[in-house]
Amino acid sequence: MNDGSKKSRRRRSSSLLYQEPLESMEHLSDQSAIPNLNANWVNAKGAWVIHIVLIVALKIFYSIIPGIQQDTSWFLTNLTYMFGSYLMFHWVRGIPFEFNAGAYDNLNMWEQMDNGEQFTPTKKYLLSVPICLFLVSTHYTHYDLTYFTLNVMALLGVIIPKLPWSHRLRVRFLSGSPDDRYLDER
């Protein structure tokens with residue numbers, strides 16, 4: 001089974017958490033050579049408004065479905081937005097374009113935004129939108145314990161990955177095995 005190549009080796013660890021290592025000088029120079037089109041759009045005009053538009057569109061969509069009451073439509077709006085936000089900003093790693101030699105392959109979009117700086121205006125806004133939506137959803141679900149519990153779990157699932165202490169932190173069973181690009185090839 002062992003073909004002698006280091007590429008087929010996998011790092012093994014009993015820890016569920018994995019801290020993504022910092023980039024090498026090669027990857028840092030690749031990152032600074034060309035602007036990151038995958039993450040720079042969040043600072044463009046209209047990028048902040050799209051989140052409100054999506055929330056309103058989701059609310060309208062769930063409200064026009066027959067048989068769904070207002071509290072359930074707010075709950076589904078909140079859950080759908082939180083799921084989509086987590087998927088877009090924290091689950092998918094890398095970029096869909098192949099023009100930077102894989103410089104961002106091990107970073108999710110949140111880590112790519114604003115060159116990894118924390119507490120920029122864009123990141124503050126994207127942190128506040130799920131919190132505000134949670135508060136509105138909780139109010140319109142009349143503080144029902146079941147809806148509240150599910151809304152809190154969805155909020156925590158989106159907020160915790162945005163916090164500075166979880167920058168480059170991966171949960172093993174959620175994000176798969178880490179990339180072995182840092183192993184030296186012989």
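Where is Tyr143 found? Tyr143 lies in the loop between helix 6 and helix 7, where helices are DSSP runs (H or I) of at least four residues, numbered from the N terminus.

Before we look around, a word on the model: it is predicted, local features need pLDDT of at least 70, side-chain atom pairs count only at pLDDT 80 or more, and totals for chains, interfaces and linings use all residues. Residues are numbered from 1 along each chain as its sequence is written, and side-chain values use heavy atoms, leaving out hydrogens and water.

**The helix pair**

Helix 6 (residues 121-140) packs against helix 7 (residues 145-159) at an angle of about 180°, with axes 10 Å apart. The axes are lines fitted to C-alpha atoms over the stretch in contact, and angles run from 0 to 180 degrees between N-to-C directions. Helix 6 is therefore roughly antiparallel to helix 7, a term for angles over 145 degrees.

**Loop residues**

Thr141 also sits in the loop between helix 6 and helix 7. Leaving aside neighbours within four places in sequence, Thr141 contacts Asp71, Phe75, Tyr147 and Asn151.

| Residue | Relative accessible area |
|---|---|
| Thr141 | 2%, buried |
| Phe119 | 54%, exposed |
| Tyr143 | 56%, exposed |

Phe119 belongs to the loop between helix 5 (109-112) and helix 6. Although not a glycine, Phe119 has a positive phi of about 60°. Tyr143, also a residue other than glycine, has a positive phi near 55°.

Note on methods. Helices (H or I, at least four residues) and strands (E, at least two) are DSSP runs, numbered from the N terminus. Angles under 35 degrees count as roughly parallel, over 145 as roughly antiparallel, 65 to 115 as roughly perpendicular and the rest as oblique. Buried means under 20% relative accessible area, exposed over 50%, partly exposed in between (1.4 Å probe, protein chains only). Contact means heavy atoms within 4.5 Å.
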